[in-house]
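Trainee: Could you take me through this structure slowly, and show me how its features are to be read?

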Amino acid sequence: ELKFQFVQDIRFFESLTALDKYISQIGTTYKITKSVKLGGDLRYFLNKEDDQTISQNWRYNLDFKANFKLIKKVKLNYRLRFQTNHEELFGFVYKGSRSNLRNKIALSYKISKMHLPYLSAEFFRAIVNYRKPYFNKIRWLLGDKVLLNKNELNVSLGYERELNSDYPFHYFFGRLYYTFQLKK
């Protein structure tokens, strides 16, 4: 089974008063078995930099996903993602690329046909030329996927922390995603 998707995403910061990123993404997922999938995405995003300039960046990622039913209502999901960001790829000054290998593991518990709360941890491993790969970030999420017929509301709280830094950057954030499916 082959699926295509398009995602439009707007991200804010400063208590929802300032635009951080504007994202357009297309991708595909191929279901190999009931519990194994492969996927890939191409993302274009406008990013507001610290100096208040806007950069136009591209990112691609390749995914391997697997899910396992542990007990009746508990699932374990794993995703391995290789991603590369290209900053100002088609701009006047190409700023280079950065790659990460992202390992995400999540536990979900099906409360009802409608609610699927989850807890996930994601470890980012930076891949930099002329340096051994190293873990540079961890992200935790606690949320609930609310299934509304073919649509989905995903609400979560997260914590992200930089690793291997003398003065690690860290913050809490909230996420709200609404996914709808157009009829075929």
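This is a predicted model: local features need pLDDT of at least 70, side-chain atom pairs count only at pLDDT 80 or more; totals for chains, interfaces and linings use all residues.

Trainee: Which residue forms a salt bridge with E122, with the closest N and O atoms 2.7 Å apart?

Mentor: Side chains of opposite charge can pair when their charged atoms come close. Here the partner of E122 is R102, at 2.7 Å between the closest N and O atoms, where a salt bridge is a side-chain nitrogen of Lys or Arg within 4 Å of a carboxyl oxygen of Asp or Glu. E122 lies in strand β7 (residues 115-127) and R102 in strand β6 (residues 96-109), so the pair ties together parts that are 20 residues apart in sequence; strands (E, at least two residues) are DSSP runs, numbered from the N terminus. R102 is itself buried, with a relative accessible area of 7%.

Trainee: Which residues do salt bridges with shared partners join into one network?

Mentor: The side chain of E122 also meets that of R139 in a salt bridge, at 3.8 Å from N to O. This pair links distant parts of the chain, with R139 in strand β8 and E122 in strand β7, 17 residues apart. Through shared partners, salt bridges join R79, R102, E122, K137, R139 and E160 into one network, and the structure holds 9 salt bridges.

Trainee: How many bridges pair strand β1 with strand β2?

Mentor: In a regular strand the side chains alternate between the two faces of the sheet. In this model, β1 (residues 2-13) and β2 (residues 18-31) are antiparallel and pair over 12 bridges, two strands being paired if DSSP finds at least two bridges between them. L2 has Y30 in β2 as its bridge partner. Strand β2 is also joined by 11 bridges to β3 (residues 36-48), again antiparallel, and G27 stands opposite D41 in β3. With 4 residues between them, β2 and β3 form a hairpin.

Trainee: Is N149 buried or exposed?

Mentor: N149 is exposed, with a relative accessible area of 84%, and lies in the loop between β8 (134-148) and β9 (151-162). Although N149 is not a glycine, its phi is positive, about 55°.

Key: Residues are numbered from 1 along each chain as its sequence is written. Side-chain values use heavy atoms; hydrogens and water are left out. Buried means under 20% relative accessible area, exposed over 50%, partly exposed in between (1.4 Å probe, protein chains only).
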